[in-house]
Amino acid sequence: MTCQEAIDVMGEALEGRLAADLRPGFDEHMAECPPCATYLQHLQMTRNALLRLGAEDGGNTRRQELIDAFRREFGGK
Amino acid sequence: MSDRTDLAFDSLLPRLRAGDDAAFAIVVDRLHRPLLALARTFTSSPALAEDIVQETWLGVIRGLRGFEGRSTLRTWIFSILVRRARTMAAHDARQSFVTPAATDGAAGSAEWTPGAGKIGLWTESPVPWALVDPASLFQSLEALEVVRHAVDQLPERQRQVLVLRDVEDVPAKDICNILELSETNLRVLLHRGRARVREALDRYLRGAPRGHAMMNGRSTSHSSRRTYVSGDKR
């Protein structure tokens, strides 16, 4: 696998969705190419930081308004 | 927000259709934040983003009886949001004479164009981030702020796919349906978005003062750079 080919499938590799037939070539390339291996590591850490953003809490000040609207639509059950 | 979440939501459908407000509250509580995150990619106005989400939920309430289950419940709800957001954000932009953000697509990649093989990919090799503990990156509010800012600066489409896939962990196939994208387009947009956020983190981490809490104190100068010319065959 070349660097370009490896980078093309890096997104899938990050997400754990790399096709099984590509895995050996990808792993081999990562083992022998420090720039690609570093890049993959950067992307993994970037993705983990992005996932972390999603863990932040956000309040919903209009929640009750919605539940009331739902009750009205469905006859107040 | 995984495939398992979809199964859990879809099992709530009969209860929702029967008017069970506790079931509705579960769905609202689980989806409100990701919906708001997606709405914010369509507008810079926090108030308008809130309104988009509220209108989405009202659309869900009105549409539940007619929902045929051809997509998952979550995809259906996100798709309603995208339609509402496009209409409401466009209307708002006209009202305030704000030019909508570029919708990206072909905007140049920060670091590469997927599939367009070229020789000399690593003319400048990435330098390892000298972190004592990789987890420290996610515990640093400052680093997360860098990430958030980088996401906010992305072109609209890249921002949308990144928020859905990486921040909210929505499955790729659902994102294709929600944003009406091909898998190839999704891959390219994700590649570009992640590359830009990575670049921002790279600048931040390597520009951080020596002895910064997250760094191990080793020099992160350019000494470890090397020129690498890929023997690319494509």
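Chain A of this predicted model holds 5 helices and 0 strands, and its elements follow the order α-α-α-α-α from the N terminus. Both kinds of element are DSSP runs numbered from the N terminus: helices are H or I with at least four residues, strands are E with at least two. A word on conventions: residues are numbered from 1 along each chain as its sequence is written, and chains are lettered from A and ligands numbered from 1 in the order in which they are written. Local features need pLDDT of at least 70 and side-chain atom pairs count only at pLDDT 80 or more, while totals for chains, interfaces and linings use all residues.

The radius of gyration of chain A is 22 Å, whereas a compact globule of 77 residues would have one near 11 Å. That radius is taken over C-alpha atoms, and the globule rule is 2.2 Å times the number of residues to the power 0.38. The C-alpha trace of chain A spans about 65 × 25 × 15 Å along its principal axes. Of the 77 residues in chain A, 30% are buried (20 or more other C-beta atoms within 10 Å of the residue's own; exposed means 12 or fewer, partly exposed in between, with C-beta atoms placed from the backbone).

Now to the partner chain. The contact involves 34 residues from chain A and 50 residues from chain B, where two residues touch if their C-beta atoms, placed from the backbone, lie within 7 Å. On the chain A side, two or more residues each come from helix H1 (3–8), helix H4 (34–54) and helix H5 (63–73) of chain A. H4(A) gives the most, with 15 residues. The predictor assigns the complex an ipTM of 0.86 and a pTM of 0.76.

How confident is the predictor in chain B? Its mean pLDDT (confidence in each residue, from 0 to 100) is 78, and 73% of its residues reach 70 or more. Helix H4 (residues 46–63) of chain B has the highest mean at 94, and helix H1 (residues 3–10) of chain B the lowest at 69. Over residues 97–110 of chain B, pLDDT stays under 50, as over residues 115–120 of chain B. Where pLDDT is low, the predicted coordinates should not be read in detail.
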